[in-house]
Each structure stands twice: as structure tokens, then as C-alpha cells.
Amino acid sequence: QVQLVESGGGSVQAGGSLRLSCAAFGYFYNYNCMGWFRQTPGKEREGVAAIDTGGGSTYYADSVKGRFTISRDNAKNTVYLQMNSLKPEDTAMYYCAAELGLRCGGRWSRAVAYKYWGQGTQVTVSS
């Protein structure tokens, strides 16, 4: 069983920054894919970024490239999402997701590729 716990959400003004954390508890393989998704009411869950915990490869949605950075601390089983230059359109519930024993690859942005999910943390960006 794997449990994911997100933290770090909040309210900021446009141009500000937030760092989200995802602490993972349970058994992990050497290679796992950890992702961040976001969702607003009435819309599908959108892949924001992902990272291979083994090799460190990273993946980003075009809408966040150059502004968001995903990183991991394998010793702490924690993945981070540093969000800079935030825009009102970044407002959403952000979810951490994990798939064990696999590299992210081309499926990284598909919610169905992940088995484990956190409860989410709200990010609100005001103009």
C-alpha cells in the first residue's frame, strides 16, 4: 500500500511562487514515476509535470515549462513542485500521483497511467 500526502498549497498573487511537496509512504521500487496533476471544476485532470525517481528524467506540460520545476529527494521519498511566475490560470486543485516500478515515458501526462493518488492541495492565484 502506498500513501501520498501533499502540502504547500495556498493563495498567492500573480507573479508569486509556491512549492508543493508530496511525501510518499510505503514500498517503492528503484524506478517509479511520480507526477503532479491539476484539476478545476468541470475539467479533466491535467498532467503538469512528472519525474522518474530512478534516473531523474523530467517531463512538463507546455503551459508550465520554464516556470515550474519538479524535483525529488529519494532519501525522503518526497517529490516537490516549485512553481514560479504563477498566473491566475494556474489556479486549481493539485494532486500528486505515483506509479511504481515503471519509468514515466510518453504516458506521463495521462491520469490513467498512475495507480496511487494523494488527496490534493488547493492553489489559488489572484490577479
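These legends describe close-up views of a predicted model. Residue numbers start from 1 along each chain as its sequence is written, and side-chain values use heavy atoms, with hydrogens and water left out. Local features need pLDDT of at least 70 and side-chain atom pairs count only at pLDDT 80 or more, while totals for chains, interfaces and linings use all residues.

View 1. The largest pocket holds about 160 Å³ of space. A pocket is an open set of points on a 1 Å grid over the protein atoms alone, where a 1.4 Å probe fits, with protein on both sides within 12 Å along at least five of seven lines. Its volume is the space filled by probe spheres set on the points, which are joined across faces, edges and corners. The lining has 13 residues; Phe 28, Asn 32, Thr 53, Asn 74 and Asn 77 are the closest to the pocket centre. Lining residues have an atom within 4 Å of a point. Strands β4 (32–39), β7 (68–73) and β8 (78–83) each give two or more residues to this lining. Strands are DSSP runs of E, at least two residues, numbered from the N terminus. By class, 5 lining residues are nonpolar, 6 polar and 2 charged. Nonpolar covers Ala, Val, Leu, Ile, Met, Phe, Trp, Tyr, Cys and Pro; charged covers Asp, Glu, Lys and Arg; the others, Gly among them, are polar.

**View 2. The largest nonpolar core.** This core has 39 residues. Leu 4, Met 34, Trp 36, Leu 81, Met 83 and Tyr 94 have the most contacts inside it. Such a core joins buried Ala, Val, Leu, Ile, Met, Phe, Trp, Tyr and Cys residues through side-chain atoms within 4.5 Å. Strand β9 gives the largest share, 6 residues.

**View 3. Thr 121 in strand β11.** Thr 121 sits in β11. Its relative accessibility is 12%, so Thr 121 counts as buried (under 20% relative accessible area; exposed is over 50%, partly exposed in between; 1.4 Å probe, protein chains only). The Thr 121 side chain reaches the backbone nitrogen of Gly 9 at 3.2 Å. Beyond neighbours within four places in sequence, Thr 121 has contacts (heavy atoms within 4.5 Å) that include Glu 6, Leu 20 and Tyr 94.

**View 4. Two loop residues with positive phi.** Asn 77 lies between β7 and β8. Its phi is positive, about 50 degrees, although Asn 77 is not a glycine. Asn 77 is partly exposed, at 33% relative accessible area. Ser 85 is in the loop between β8 and β9. Ser 85, also not a glycine, has a positive phi of about 50 degrees. At 40% relative accessibility, Ser 85 is partly exposed.

Definitions and conventions. Helices (H or I, at least four residues) and strands (E, at least two) are DSSP runs, numbered from the N terminus. A polar contact is a pair of N or O atoms within 3.5 Å; within protein, one must be able to donate a hydrogen and the other to accept it, and residues adjacent in sequence count only if both atoms are side-chain atoms.
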